[in-house]
Amino acid sequence: MSELIEGYLGTTVDGKKSRVPAKLDYIQSVTGGFLALFMWGHMMMVSSILISKDFMYTITKFLEGSFIIDGGSPLLVSIFVFIIFVVFITHAAMGIRKMPANFKQYQVLRAHSKSLKHDDTHLWLTQAFTGFVMFFLGSVHLYIIMTNSADIGPYASADRIWSEWMWPLYILLLLAVEFHGTIGLYRLCVKWGWFDGKDPRKTRVRLKRVKWTLTIFFLTLGFASLLAYIKIGIEHADKAGERYVPTSMTQGVK
Amino acid sequence: MSDQRDITISVLKYNPRDSDSNPEFVDYHLKETPGMTLFIALSQIRQEMDPDLAFDFVCRAGICGSCGMVVNGKPILACRTLIANYPDGILQLMPMPAFELIKDLSVNTGKWMDAMSTRVESWIVDNGTEIDITKIEERMEPKLAEEIFELDRCIECGICVASCATALMRPDFVGAVGLNRVARFQIDPRDKRSDEDFYELIGDDDGIFGCMSLLACEDHCPKNLPLQSKIAYLRRKLVSVK
């Protein structure tokens, strides 16, 4: 009943302002920070292909829990992706509150940002645009991985990227994720005043420098990894569907 | 004086109360004089070229906050703007958005600020504490007094509001000026309001939780107020209110 009263009057039954906006703001930051940091880890795992196919295979099996289950279980990956998917949807729901909600707001925002030429306003627009893009691209990627968690590996991933035509989506998704994530982490810092120190203005300049360094680093690493998978995918196209067998097993070494 | 630079000031002229008026840019060509501010240039235009041109000013010294306008896309105070800072000599002037347009460059910031002031109860609330005026006022540490004074330097020019995309998209947003006001009273020991009380004023999406941290307020404030850190401070305070 109290929810009805609050929804109707905008005031709690105690006659106070709802605490939900505070919670939503907090949840947006927590989920965003978690996803951005998760993407750093994700990129490190994905880029293992740059070292060797065997290394990428080992990482994959490790994430399938090979250290506790013999041979690993892709179900663990599915469960983990499901959790990420829930956090992703929650963050999207929180983020959408800030986007322009109608044409008038969009028109005002566009005219304002074009004329003001303000760096952080442009960064926010980039974040809003990439966030919108990820509603679709991120969902496609997450659903595919969640339902096909057994198909992760040097050949399986490369075949998906090349033979199953995921590379155009991954190029766009990589750009969206890296811009959105690093801008988001920068914004989290200034929004909550982390690392402010004695001179928040100087800190902000430094934070922005770190943000751009990270953006370039992860984009470089991401595109290098994507190219590696594309190369393997092209070479493996006529045997698409065949799974990778690690060198240790082909040589009969256990 | 033949080396005087030719400058062009292009003003968006419009009178919303005149049904015959259509918004249009009108160009004024004049010679730059040494140390010329935008305020001086506008006064010259009004005296010599267009007595109908409307713009606001009072102090001419960056104190009253009346002459805020958008110059080449940036909201700034006309009285503190040197024409010499515009190398190509072309200035496009528009009234500040977010505020009620009176005419041409003149906007009603007073009406907006008054509503904001009322909304955030921009005064010391002592919850009925009896003050004995025969006794010397309670001492305040100079450091704290300075901190309060730092936030009190706000001249309510409206530039933080005009540069804020959130405020433009969502007219009910309290703006950095309103949040700064709350921060000012939040740190004042004479104000007896608790964080719960301040939450009642700005604890929603039109208040502190609506701010998207674009920081155009911080980057354009003519008084260099610490808006970034104070807004973050308020957010940390109010998000933890039970």
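I begin with a contact between chains: A:Arg97 and B:Asp205 form a salt bridge, with 3.6 Å between the closest N and O atoms. By salt bridge I mean a side-chain nitrogen of Lys or Arg within 4 Å of a carboxyl oxygen of Asp or Glu. The pair crosses from the loop between helix 4 (74-95) and helix 5 (103-116) of chain A to the loop between helix 7 (195-202) and helix 8 (216-220) of chain B. Helices (H or I, at least four residues) and strands (E, at least two) are DSSP runs, numbered from the N terminus. A:Arg97 counts as partly exposed at 22% relative accessibility, and B:Asp205 counts as partly exposed at 33%. Buried here means under 20% relative accessible area, exposed over 50%, and partly exposed in between, for a 1.4 Å probe and protein chains only.

A word on the source. This is a predicted model, in which local features need pLDDT of at least 70 and side-chain atom pairs count only at pLDDT 80 or more, while totals for chains, interfaces and linings use all residues. Residues are numbered from 1 along each chain as its sequence is written, chains are lettered from A and ligands numbered from 1 in the order in which they are written, and side-chain values use heavy atoms, leaving out hydrogens and water.

Over all chains, the structure holds 30 salt bridges. One of them joins A:Lys191 to A:Asp25, at 3.0 Å from N to O. A:Lys191 belongs to helix 8 (residues 167-192) of chain A and A:Asp25 to helix 2 (residues 20-46) of chain A, so the pair ties together parts 166 residues apart in sequence. Both A:Lys191 and A:Asp25 are buried.

In chain B, the side chains of B:Glu150 and B:Arg153 meet in a salt bridge of 3.2 Å, N to O. B:Glu150 is partly exposed, at 29% relative accessible area, as is B:Arg153, at 23%. A network of salt bridges links B:Glu137, B:Asp152, B:Arg181, B:Arg184, B:Asp188 and B:Arg190.

I turn to helix 1 of chain B. In this helix, residues 38-48, the buried residues are B:Leu38, B:Phe39, B:Ala41, B:Leu42, B:Ser43, B:Gln44 and B:Ile45. Their cover includes strand 1 (6-13), strand 2 (24-31), strand 3 (68-71) and strand 5 (90-94) of chain B, where contact means heavy atoms within 4.5 Å.

Finally, the backbone. Most residues other than glycine have a negative phi. B:Asn72, in the loop between strand 3 and strand 4 (74-77) of chain B, has a positive phi near 45 degrees. B:Asn224, in the loop between helix 8 and helix 9 (227-239) of chain B, has a positive phi near 50 degrees.
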